[in-house]
Amino acid sequence: KNMTTVIALHGDFASAEMLRRDVGDLRDTIDLFFDARGWLRFDSQIDKLHTKICQLPSPPILIGFSRGVSAIARLSEIAEIKAAVVYEGPIIDSEGVGGNFPVLMIWNDAGAKFSPSKLRRGQAKIAEQIWSESHPVTYIQGTGRHMRLRPPGHYWDCSLNQQIREFIRLI
């Protein structure tokens, strides 16, 4: 097993438990599902996560879904990150991103990047530009929407888990 800590960050109004359920068998690769309490107090949760990262023996690999990707972007400006998996992350919530770590970027075929909303598609395009300006980005595409309604949660395409594991393993 990779000795690097792998931390997963859920989306808006979701929870660590929802993400743990939604990622399927990838949960075996993840050391910590950080509960940001729905990201309702974004800055204070970033501070908590930053403190946790600073206590680790080496930079972590971060996996974020939606708002969790915004958290990775913000953390990249203040903490060292080994690599990131950014899944359905159309909003960056910062001017840019720090570091130059490898990024695995995933968009679902009916998610934000392919949304009927011109605004959402535009946000996804900007997010792609921001990450790719300073990071080596690998793209893969999943199947599904952005959010799952029944049960409520992240629309995580578990058929991609082996590719995600391989990306993490090769870091």
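This report describes the pockets and several individual residues of a predicted model.

## Basis of the model

Residues are numbered from 1 along each chain as its sequence is written, and side-chain values use heavy atoms, with hydrogens and water left out. Because the model is predicted, local features need pLDDT of at least 70 and side-chain atom pairs count only at pLDDT 80 or more, while totals for chains, interfaces and linings use all residues.

## The largest pocket

The largest pocket has a volume of about 280 Å³. On a 1 Å grid over the protein atoms alone, a pocket is an open set of points where a 1.4 Å probe fits, with protein on both sides within 12 Å along at least five of seven lines; lining residues have an atom within 4 Å of a point. Grid points are joined across faces, edges and corners, and the volume is the space filled by probe spheres set on them. Of the 19 lining residues, Gly-11, Asp-12, Ser-66, His-146 and Met-147 are the closest to the centre of this pocket.

At least two lining residues come from each of α3 (67-76), β7 (147-149) and β8 (152-154); helices (H or I, at least four residues) and strands (E, at least two) are DSSP runs, numbered from the N terminus. The lining comprises 9 nonpolar, 6 polar and 4 charged residues. Here Ala, Val, Leu, Ile, Met, Phe, Trp, Tyr, Cys and Pro count as nonpolar, Asp, Glu, Lys and Arg as charged, and the others, Gly among them, as polar.

## The second largest pocket

The second largest pocket holds about 220 Å³ of space. Its lining includes Phe-114, Arg-120, Arg-145, His-146 and Met-147, and divides into 6 nonpolar, 4 polar and 2 charged residues.

## His-10 and the cysteines

His-10 lies in the loop between β1 (6-9) and α1 (16-22). His-10 counts as buried because its relative accessibility is 0%; buried means under 20% relative accessible area, exposed over 50%, and partly exposed in between (1.4 Å probe, protein chains only). A polar atom of the His-10 side chain lies 2.9 Å from the backbone nitrogen of Ala-36.

Cys-54, at 53% relative accessibility, is exposed, whereas Cys-158, at 36%, is partly exposed. The structure holds 0 disulfides, a disulfide being a pair of cysteine sulfur atoms within 2.5 Å.

## Thr-143

Thr-143 is placed in the loop between β6 (137-142) and β7. Leaving aside neighbours within four places in sequence, Thr-143 is in contact (heavy atoms within 4.5 Å) with Asn-108, Asp-109, Tyr-155 and Asp-157. Thr-143 and Gly-68 are 75 residues apart in sequence and 19 Å apart in space, C-alpha to C-alpha.

Methods: Polar contact = N/O pair within 3.5 Å; in protein donor to acceptor, adjacent residues only side chain to side chain.
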